[in-house]
Amino acid sequence: MATNLTLQRRQSQLTRGHLPSYALWVVLAAAVILGAALSSLIGFSVVGWAVISAIVFVFAATLVTAVGEGERKAKDRLVTFLVYGAFLVALLPLVSVLWTVLERGLPGLSYNFLFTSMNGVTGAVDNQAVQNGTPVLGGAYHAVLGTLQITLWATLISVPIGLLTAVYLVEYGAGKNLTKAITFFVDVMTGIPSIVAGLFAAALFGLLFGPGTRTGFVAAVALSVLMIPVVVRSTEEMLKIVPNELREASYALGVRKWRTITRVVIPTAISGIASGVTLSIARVIGETAPILVTAGFASSINWNVFGGWMSTLPTFIYYQILTPTSPTSPDPSNQRAWAAALLLILMVMLLNLVARFVARIFAPKTSR
């Protein structure tokens, strides 16, 4: 009996000043009910209900914690709630965009959309589809091919230049005036508007091959102007965090510097480099203005990136929304635009997955 009393006394001492585990759930339920009541007074809406309930919950939970556990614990819990709230607020636009694109883009994502172009599709075709209730004809196959080709050539141009520039800045150019100049111009290029890159590429090829030169390769050069600074910066930071001990160990074994860079430094940083390249691709794959200036717009398939106008998914979306195929029946064009937007998001997600896979394969193996 005495032992049981002693245990109960110790448990009461340990749990003194602590709220029950269900206390916050009770406060949350009360906040939801009160939030619904207050929201109905000003015009009920789901968003208003959620916002009012969150505010009531934060203040009520902080007050309950202050009474039950003390002021210090209440401040800690208040900051925790604010951090979680900030995360949810930052997450809302992303969730909203994904939900909207999925809701409007999935109905138009079909085999016909993926493997046919807009060649021969006129306003009469869209009017007939609307009147008869038949599936919408015409797709973005030509735009998908254009996006892949232009992005591929832009990557082939940007990655070697950006990687070699970063290697020079980190491994060879420490403290040199040329390094400072390159760093300055890279910083300037990072912030230039995309239309400026498009005008630069159009003017350059206009001087070399004549005015009005618009091809997929010109667009690739314009996108590479936007990609190179991102590749340089991300690669530079990844090379800087490679421990100097690895370089010194390689030099101690008599390995030359260029071989140390290619066999030790770059493989160690390949995970971050792959992520930086992926970010640079995601940076430019959705660009519209430089593509319009440099590659124009086409409704048919063009396999030659060095000749003829070429479409990409962003320009396809732009023209479908701005100039519907049938001005009197814009719904088919809107459906194609939302499906193309969903396809563009899926391509960016796939690029991220590929980058993670490549980084995992080429990352240095560690052993215990």
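**Pockets and a cavity in a predicted model**

Thirteen residues, given here as 13, line the second largest pocket, and I273, A274, V277, T278 and V358 are those nearest its centre. The volume of the second largest pocket is about 270 Å³. Three helices, α7, α12 (257-284) and α15 (331-362), each contribute at least two residues to its lining. Of these, α12 provides the largest share, namely 6 residues.

The lining consists of 16 residues, and A50, A54, G85, L88 and V89 lie nearest the centre. Helices α3 (46-69) and α4 (71-105) each supply at least two residues of this lining, and α4 gives the most, with 8 residues. By class, the lining of the largest pocket contains 15 nonpolar residues, 1 polar residue and no charged residues.

The remaining feature is a cavity. How many cavities of 30 Å³ or more does a search of the whole structure find? The search finds 1. About 40 Å³ of space lies within the largest cavity. The residues that line the largest cavity are T147, I150, T151, L223, V284, I285, E287, I291 and T312. Helix α7 (residues 141-172) makes the greatest contribution to this lining, with 3 residues. By class, the lining of the largest cavity divides into 5 nonpolar, 3 polar and 1 charged.

Note on methods:
Residues numbered from 1 in each chain as written. Predicted model: local features only at pLDDT ≥ 70, side-chain atom pairs only at ≥ 80, totals over all residues. Heavy atoms only, no water. 1 Å grid on protein atoms, 1.4 Å probe; cavity = no way out; pocket = protein on both sides within 12 Å on 5 of 7 lines; lining within 4 Å. Points joined across faces, edges and corners; volume = space filled by probe spheres on them. Helix = DSSP H or I, 4+ residues; strand = E, 2+ residues; numbered from the N terminus. Nonpolar A, V, L, I, M, F, W, Y, C, P; charged D, E, K, R; others polar.
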